[in-house]
Amino acid sequence: MEARISVRNLVEFILRSGDIEAGKGSSFDTEAMQAGSRIHRKIQSRQGSSYSAEVKLGRTDLVEIEEGSIELTVEGRADGIISGKKLVVIDEIKGMYADIWKMEKPIEVHRAQAMCYAYIYAKENKKKKMGVRLTYCNLETEDIRYFDEELTVAELEKWYRTLIETYAVWAIWEQNWMLQRNATLRELEFPFSYREGQKKLVRDVYLSIIREKKLYLEAPTGVGKTISTIFPSVKAMGEKKINKMFYLTAKTITRSVAENTFLLLSKKGVDLKTITITAKDKICIHEKADCNPVKCERAKGHFDRINDAIYDVLTHENRITRDVIEEYAAKHMVCPYEMSLDVANWADGVVCDYNYAFDPNVYLRRFFAGETRKDYAILIDEAHNLVERAREMYSARLYKEDFLKVRKLVEGYDRKLANRLAACNRDMLELKRKCEEMEVVGSIETLAMHLLHLYGGLQDFMQEFPELENGETVRDLFFAIRHFLNMYEYLDDKYVMYTDYSEQNDFRLTLQCMDPSANLERCLEKGKSSIFFSATFLPIGYYKEQLSGTKEDYAVYAPSPFSEEKRLLMVAGDVSTKYTRRTESEFQRIAGYIVDFVSARDGNYLIFFPSYKYISDILVYLEDADWANETQILVQQSDMSEGEREEFLQTFSENSEGTRVGLCIMGGIFGEGIDLKNDDLIGAVVVGTGLPMVCAERELFREYYDEKKKAGFEYAYLYQGMNKVLQSAGRVIRTTEDVGAILLLDERFLEKRYTDLFPREWFPYKRVNQNTMKKELAMFWGKYSEKS
């Protein structure tokens with residue numbers, strides 16, 4: 001039995017202790033992004049000939065404990081080795097924004113890293129004593145502080161053996177579990193009869209994984225995308241091609257589909273440990289998340305108890321859902337959110353939001369940071385959503401007013417910090433003087449330097465005054481600056497910096513990611529294979545480009561399993577939702593289409609609109625229609641809770657008699673990811689082309705891609721709009737038994753640039769006016785004398 005672990009992961013896992021504190025302990029705070037790497041190189045380059053930098057060290061020990069025995073390899077790179085005449089010293093370098101002169105001693109996990117390297121080096125080179133040096137450098141001032149000590153090899157050996165014996169309990173459990181898991185996976189057969197084209201789809205996913213490629217899969221609704229991606233992934237896991245899989249989603253609704261698929265496999269005899277990660281604000285035991293040990297009893301001493309909690313849940317549960325995490329977190333008095341992130345390190349399958357793979361603020365560092373490629377597959381559901389989400393994740397924004405607010409809060413406590421805030425405010429004021437409405441900015445070097453100084457000061461201040469009244473205002477600015485500086489490190493020609501004003505007239509500076517492909521690739525390259533899949537991946541070239549695809553990666557279209565006869569698609573060529581056509585007569589005509597469409601057959605319908613304002617404009621006419629008394633009209637609200645969303649959907653899923661009409665927002669919570677099958681939904685109307693509103697930011701995208709691709713309108717408006725249309729229309733046909741009608745209301749759908757984006761299964765379609773639509777519906781529904 002064998003296992004490997006890096007020095008850093010070993011000590012950070014076994015030796016962590018103490019409290020959770022906001023703004024402390026993240027990778028940014030200790031290693032401080034790429035700035036930490038730069039300071040490493042700078043310090044190393046100043047050393048003399050006796051200094052060796054970035055020395056690879058490793059050691060394998062047979063560890064025998066009560067739970068069993070294992071050959072454990074611990075490896076890593078020492079920042080530096082100083083070869084003195086009398087003593088060899090291991091140098092561990094850490095760049096920090098915090099005040100290094102306030103440190104009473106080195107941070108324990110940093111010291112432990114150096115001690116591991118010291119022991120490994122001593123045993124390999126037969127040394128009796130070793131020196132250990134912790135070199136701390138403040139990234140603003142470049143001040144350096146050393147902590148030195150001398151240790152005998154006997155002392156190091158006793159300490160090291162205890163460390164690896166503690167970890168061996170986990171390593172032996174993990175190896176035994178993988179043997180059990182893989183045995184069940186090898187026996188697994190596909191749990192359903194293959195639909196048309198599904199077997200090829202499963203094979204394509206499997207081959208992409210074992211060939212370590214990306215796959216971009218356009219698969220219409222009903223193909224069975226979830227099982228067709230999870231099944232080949234777990235088969236590859238059973239054959240030791242991968243050791244972990246991530247199932248990434250954009251919405252909570254689609255997450256449950258993945259959970260149900262894993263549940264299905266467990267009922268087929270498969271042993272898999274899967275976890276669903278729930279967002280911090282949803283799983284936090286407090287009304288508002290506040291990781292302050294003074295205010296939260298779970299944060300106090302969390303790291304002293306967390307490993308016991310993890311081992312407990314791993315050895316007793318396979319399906320680790322939100323409820324399971326909450327139960328074990330309460331039992332061990334730990335933070336449920338932080339616990340779920342830790343459990344993910346040991347799970348076979350992780351179901352979570354895109355954030356946990358890609359967002360630099362919350363991503364799972366063990367998997368998506370560092371330089372090492374890991375043995376896992378990344379499955380990305382509804383991947384069309386990732387383009388806009390990634391642009392948001394890798395963009396950053398600062399508001400001038402926030403610097404003034406925090407300055408007022410801190411000036412009575414820390415004059416130096418108040419001055420740093422004032423310096424940033426002056427920089428922002430200088431930018432404001434040059435901005436009338438929107439201004440593209442070329443350079444902010446002075447502001448960036450001042451932000452670095454401010455960041456370290458805010459960090460020290462929060463630790464010194466953890467109970468400050470309105471302290472959340474300070475923390476909010478701290479995290480905003482941290483994210484901004486993090487993104488500033490990535491600044492290249494895929495970014496645009498600009499200043500403008502919010503709707504409340506607050507001046508702001510935005511670092512806008514225009515093309516997220518390079519940032520996504522930094523995360524995706526940490527895994528063996530990535531499978532992107534969506535029912536609406538048109539045009540595929542655009543999505544491949546934005547989602548870091550290369551010419552060597554695969555793109556596959558899965559044919560629709562549905563019969564054309566069971567679907568009627570119509571396009572009305574005499575109405576439009578253009579702003580110039582938003583008149584009372586146009587609203588009446590569109591309402592007339594909707595009334596006639598719904599009146600053709602009793603049942604459940606969803607009508608998708610471009611905005612809440614458009615819903616209210618049309619609702620007046622719908623409520624005045626003759627059928628209004630017999631028809632239940634439900635309207636999506638902008639602030640619906642999860643319970644209200646579920647109640648909205650249940651109205652459709654629990655009632656098939658009479659007629660119900662849901663008025664929804666295109667691209668909103670009901671525009672994708674919901675599954676209303678059979679009589680739960682028999683028709684959908686899509687009002688308008690879904691194009692984003694024209695605004696300064698959208699125009700920035702148009703200009704950028706006009707210059708880069710000569711396709712500004714397509715990149716800024718068309719592709720995003722049509723994707724919302726395709727998703728909305730896709731709510732109707734969910735299974736091979738479904739029968740349904742779809743109506744597109746806008747003359748622009750008949751233009752070539754729109755029809756070029758129609759999926760294959762949309763052909764042929766019917767061009768209609770209000771009269772011919774009624775005839776088409778009568779013939780279509782006439783084929784089904786009873787509801788299907």
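Helix H26 has a kink of about 40°, centred on Leu 718, where the bend at a residue is the angle between axes fitted to the seven residues ending there and the seven starting there. The helix runs over residues 712-729, and at 1.5 Å a residue its 18 residues should span 26 Å, which agrees with the 26 Å between its end C-alpha atoms; the expected span is 1.5 Å times one less than the number of residues. Helices (H or I, at least four residues) and strands (E, at least two) are DSSP runs, numbered from the N terminus. Because 15 of the 18 residues of H26 are buried, the helix is largely enclosed by the rest of the structure; buried means under 20% relative accessible area, exposed over 50%, and partly exposed in between, with a 1.4 Å probe and protein chains only.

The model is predicted, so local features need pLDDT of at least 70 and side-chain atom pairs count only at pLDDT 80 or more, whereas totals for chains, interfaces and linings use all residues. Residues are numbered from 1 along each chain as its sequence is written, and side-chain values use heavy atoms, with hydrogens and water left out.

Arg 698 counts as buried because its relative accessibility is 7%. Lys 709 forms a salt bridge with Glu 545, with the closest N and O atoms 3.2 Å apart; since Lys 709 lies in H25 and Glu 545 in helix H21 (residues 540-546), the pair ties together parts that are 164 residues apart in sequence.

Arg 145, in strand S6 (residues 144-152), is buried yet has no salt bridge, and the nearest side chain of opposite charge, Asp 99, is 7.0 Å away. For such charges, Lys and Arg count as positive and Asp and Glu as negative, while His and the chain ends are not counted. The side chain of Arg 145 instead reaches the backbone oxygen of Met 103 at 2.6 Å, and a polar atom of this side chain lies 2.8 Å from the backbone oxygen of Ile 100.

Methods
A salt bridge is a side-chain nitrogen of Lys or Arg within 4 Å of a carboxyl oxygen of Asp or Glu. A polar contact is a pair of N or O atoms within 3.5 Å; within protein, one must be able to donate a hydrogen and the other to accept it, and residues adjacent in sequence count only if both atoms are side-chain atoms.
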